[in-house]
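Please keep the sequence and the model at hand while reading.

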Amino acid sequence: MMLELNGLHAGLRFSSAHIVFGHPTCGVIHGHSYYVDVKLYGDRAGEFKFVCDFKIIKKIVKEICDKLDHKLILPKNHEHVYYELRDKTLYFKYENKEYSIPVEDVILLPIPSTTAEDLAIYFANEIADRLKNLGFSNINWIEVSINEGIGQGACYRKYLKEVK
């Protein structure tokens, strides 16, 4: 059975800035009002025979959104970006561009880029880890769509076990 959350209607949103380093138009600091759609597919389980209680999955996704909200999202694992912490400021450099941003305004994510594609993978991994820590073993896959606006986004499906 599949459980589905529509981020636009469920309030699973965040507004952040990012840079797609090297891209001709998206290689500058710019922002989006993102919303996150989530699907879980698995067996019904527990006292109420839920795949997952809506309150639990909404809380997980909302916590991740809140962590990114109103931050400059940067890719910690980009192979061509140099980072250095200078007092309470993050200095970073890509090719001939240098930036200096207060640490409190930035979040470094363990991803190679901050595209919707890599953010979808990040969210799916975070959700999977949190559900596992809560003892969920009935979920076969998680699908996350990161939408940069209405009508455009990227979707990633993470398999947790083989689908029957």
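Phe92 counts as buried, because its relative accessibility is 0%, buried being under 20% relative accessible area, exposed over 50% and partly exposed in between, with a 1.4 Å probe and protein chains only. The model is predicted, so that local features need pLDDT of at least 70 and side-chain atom pairs count only at pLDDT 80 or more, while totals for chains, interfaces and linings use all residues. Residues are numbered from 1 along each chain as its sequence is written, and side-chain values use heavy atoms, with hydrogens and water left out.

**Aromatic residues**

- A search of the whole structure finds ten aromatic pairs, where rings of Phe, Tyr and Trp (its six-membered ring) pair if their centres lie within 6.5 Å, and planes under 30 degrees apart count as stacked, over 60 as edge-to-face and the rest as tilted.
- Phe92 and Tyr99 form a stacked pair, with 4.5 Å centre to centre and 10 degrees between the planes; Tyr99 also counts as buried, at 11% relative accessibility.
- Tyr122 and Phe123 form an edge-to-face pair, because their ring centres are 6.1 Å apart and their planes stand at 90 degrees; Tyr122 is buried at 5% relative accessibility, and Phe123 is buried at 0%.
- One aromatic cluster is formed by Phe21, Tyr83, Phe92, Tyr94 and Tyr99.
- The charged end of Arg86 sits over the ring of Tyr91, 3.8 Å from its centre, and Arg157 lies over the face of Trp141, at 3.7 Å from the ring centre; a charge sits over a ring if NZ of Lys or CZ of Arg is within 6 Å of the ring centre and within 35 degrees of the ring normal.

- Not counting residues up to four places away in sequence, Ile57 touches Leu3, Leu5, Val38, Leu40, Cys52, Ile127 and Leu131, contact meaning heavy atoms within 4.5 Å.

**Strand pairing**

- Strand 1 (residues 2-5) has Leu3 and Leu5 on its covered face, whereas Met2 and Glu4 are on the uncovered one.
- Strand 1 and strand 3 (residues 30-42) run antiparallel and are joined by four bridges, two strands being paired if DSSP finds at least two bridges between them; the bridge partner of Glu4 in strand 3 is Lys39.

- Ala116, found in helix 3 (residues 116-133), is buried with a relative accessible area of 6%.
- Ala116 and Ile146 are 30 residues apart in sequence, but 5.7 Å apart in space, C-alpha to C-alpha.
- Ser113 is placed in the loop between strand 8 (106-109) and helix 3, and Ser113 is buried, with a relative accessible area of 16%.
- The side chain of Ser113 makes polar contacts with the side chains of Thr115, at 3.3 Å, and Asp118, at 2.5 Å; a polar contact is a pair of N or O atoms within 3.5 Å, and within protein one must be able to donate a hydrogen and the other to accept it, while residues adjacent in sequence count only if both atoms are side-chain atoms.

Technical notes. Helices (H or I, at least four residues) and strands (E, at least two) are DSSP runs, numbered from the N terminus.
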